[in-house]
Amino acid sequence: MSSGLSEGDSFPKLLISNAALRAARPAMREKEFGIWQRWTWAEVLDEVRSLACGLAAAGLKRGDKLAIIGDNRPQFYWSMVAAQVIGAVPVPMYQDSIAEELAYVLAHSEARFAIVEDQEQVDKLFEIRRPQEKTGEAYIEKIFYKDSRGMRSYKQDSLLSIADLQAAGRAYDAENPEFFATEIAKGNGGDIAIILYTSGTTGKPKGVMLSFDNIIITARNSVEQDGLSDADDVVAYLPMAWVGDNVFSLGQCYVAGFCVSCPESTATVMLDIREIGPTYFFAPPRIFENILTQVMIRMEDASAIKRRMFKFFMGLARRVGPAILDGRPVAFLDRLGYAAGRVLVYGPLMNTLGFSRIRLAYTAGEAIGPDIFDFYRSLGMNLKQLYGMTEGAVFVTTQPDGEVKADTVGKPSPGVDIRIADSGEVIFRGPGVFREYYKNPQATAEVKTADGWYSTGDAGFFDDDGHLKIIDRAADVGRLNDGTLYAPKYLENKLKFFPHIQEAVAFGDRRDEAVVFINIDLEAVGSWAERLGITYGSYRELAAEPRVYDLIADEIAEVNRDLANDAQLAGSQIHRFLILHKELDADDGEMTRTRKVRRGFVADKYAVLVEALYSGADHAEIETEVTYEDGRKGAMKADLMIARAATTTAPAPATMKIAS
Amino acid sequence: MTALAEAPTPLAKSFGGPILTVENVTLAFGGITALADVSFEIREHEICAIIGPNGAGKSSMLNVINGFYNPQSGSITYKGVTRTRMRPHQAASQGIARTFQNIALFRGMTTLDNIMTGRLLKMRRGLFWQAIHWGPARAEELEHREFVEHVIDFLEIQSIRKTPVGTLPYGLQKRVELGRALAAEPDLLLLDEPMAGMNVEEKEDMCRFILDVNEEFGTTIALIEHDMGVVMDISDRVVVLDYGRKIADGTPAEVRGDQAVIDAYLGVVHETESTS
């Protein structure tokens, strides 16, 4: 089946290699009009060729930037490679950004052209462009759109559909038949392949410049390490502006030659995954968590027999599943029971989720709850963790097969050297380390040394087996007033492992004790409330319900018991908490677009509440500003209850060893 | 660089001649007069709103247009053909499709199947071919399915394609009903309170779909709606009924300033009220 890996030091060259090695094999699929449309590698080459020629004919030059804004669509992946053919640099941007955020990235990247999905994005670009035209600033000159719906009355000559762009490209190609090959030959591995703007938990986004070598060498190493081939299937559903999608759906895809499938719409992703049945799958922990929550909710509504069967076999799977997956010895009877469970429970469950064919799955970005992690592994999914970031083209450490643990991120990836600085910060060097931040040498100098060492800003250590363990952001690790070590993210993650808690924000640095804000999970708590007959009309009402406070207080008490076992962290138990009246939202600036809480921002915005948590009050009033999806703003007033959580005073004699 | 300083502005809409002319229509149920001597025109490609207080005869008007009620006097001229009596299926085959005030979908059937029923009048194969579902009938079904998929894509309801409509939230059911009407490829689309019971976001979505249908396919739309904001925003023309009579007819701006309309909505003491 497999025709081997493709050769080439740039994506256009890899594309030519793929079109020669496996011309008739599928390269991309997209579900449209209810049917999976398919393109072979030969067809993709043809599409990219017409796009590249079209962009050149429209005036895009070597070194220019091309903004790409939309959901995962084949045309956008092709556009990225098409831009690279003529030496231009694609800059994918988050499609759900509001105009203001987009404006910054567009201006900073100096993008001349944009390829966008639909009217929504076109309107945003015009909104950004209007004032710029008056002041004479540089602005997006040409916009190419995919979806012509609602665009009938737009008659600007700076607007063109992608189909028209390709038609113009074909005409240009017919006149200049040598152009495409000549342009590809001009590129090499050292060229900048892409600029990715990191959402950043602080300050303005930074443009990470990655070369072809950064992405392709990293992708090649990981493809070889995990044995990926053109027989694999991947669903591209994570934002194109995120480094992971570029490495999985473009880097590894072009090196191994496997087929990438694009979902029909963001609302159909889970259905589409089920239809495709990917063999290689990446999802951040929150997606694995959501799927598990869904399964648990649906099981609670299932018949008694099914519930009992699920409980019995899941118990067995948790006991022996991971051992069977890792090929460790397991008693014969357990093995037999597991085989029966596979027929009765695990197989049908994995099939329902679309995970039957998964050979390899990764998760990264945040710590994953041990329960969630074990759930998938016990069902036989080879779920592993990796540690990576935009500045390292994803792969920094990965867990090798057979050495998978819930609380580490694995061993250094091929070609990567890792050191732990005296401050506890993780520092590494490797093929994926980015060139520099675009137009920001100062920021580059802060994190990257001349000989290629990159400071991650994460605090961590190696355990006895040589696995890296990340505990928190180096800058966030603090101390309580009595000198106790306080790692907020560690607390938050422990809380978030409970299905009822969506987000937690901990405070405690230079304070007497640790306190938290809680965001409940509407779906999980809602379903819990329904079973108890608690009525509620909105998120806000549910969040203020005293019985929900009791539920959360119990869960915090459990975290405190757990912390008490740890000599270093026993002092940072959570004393008081409150449940926020609104969900933390990226539109309000409380989270990044990748849904990481911006703790500093939250602390400032809700300063009144933080003070109330320390003042001993039993309630606090707050008025906050909320931003709706269309960018309008409104005010929200609330009176929040503050509750105390039980702490465990007698810590068991603990032995915690920190290796370094 | 193109020196384009303007934001996208829709081209001025151009309307054709009248697609539907209602002349002196009177409709009574026993002693109750639902419509009294109502006349107006709907021109091709326009969005015409029919508004009025409760019981003004709006739904009756739609029912007369699509042949569900037959007026006692007056005539309806549709695409140049005048008739006094028309059966609903004749209206449908002539290109008039509608949605209902109280959703009238097949609750146990999926979104896809419900919208497919909108294609029924376009299917040419008889019961025999449909039953064996092979050869010509299959080819025909594929063709219709393709059209229905375009409707699904247009209304962005891919994720509920295979969901039984009875389990869907109200706003989505309304959208499926619009889909079924669109599947009939109507020339004239009648919408009976398309936004009733919706929240702001659902209303905004529905407005966008109505405008897009009108713009993309050139479909003429007659709609009944209570939300005045919506009516004033999306209509090209507004016809106001009160107690079965037409009291105003014009652009949203004209109607807004009309004293008779203001009286009807704010409630001036009517003779009929004072006698009761």
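Tyr387 of chain A stands opposite Thr397 in strand E15 of that chain. Keep in mind, everyone, that this is a predicted model. Strand E14 of chain A, residues 383–387, is joined to E15, residues 397–398, by 2 bridges, and these two strands run antiparallel.

Let's step back to the sheet they sit in. Chain A has an open sheet of 5 strands, in the order E12-E13-E14-E15-E16, with mixed pairing. Which strands are at the edges? Those are E12 (280–282) and E16 (411–412) of chain A, each pairing on one side only.

Staying with chain A, have a look at helix H1, residues 11–21. The helix is mostly covered, with 8 of its 11 residues buried. Among the buried ones in H1(A) are Phe11(A), Pro12(A), Leu14(A), Leu15(A) and Ile16(A).

Now over to chain B. The domain assignment gives domain 1 as 18–95 + 186–276, and domain 2 as 109–185. Taken over C-alpha atoms, the centres of these two domains of chain B are 27 Å apart. Where they meet, 11 residues of domain 1 of chain B contact 10 residues of domain 2.

So what does domain 1 of chain B bring to that contact? Helix H2 (88–93) and helix H7 (200–217) of chain B each supply at least two residues to the side touching domain 2. H7(B) gives the largest share, with 4 residues. By type, the residues on that side of domain 1 of chain B are 8 nonpolar, 2 polar and 1 charged.

Terms used. Residues numbered from 1 in each chain as written. Chains lettered and ligands numbered in written order. Predicted model: local features only at pLDDT ≥ 70, side-chain atom pairs only at ≥ 80, totals over all residues. Domains from an automatic or database assignment. Contact = placed C-beta atoms within 7 Å. Nonpolar A, V, L, I, M, F, W, Y, C, P; charged D, E, K, R; others polar. Buried ≥ 20, exposed ≤ 12 C-beta atoms within 10 Å, placed from the backbone. Pairing = 2+ DSSP bridges.
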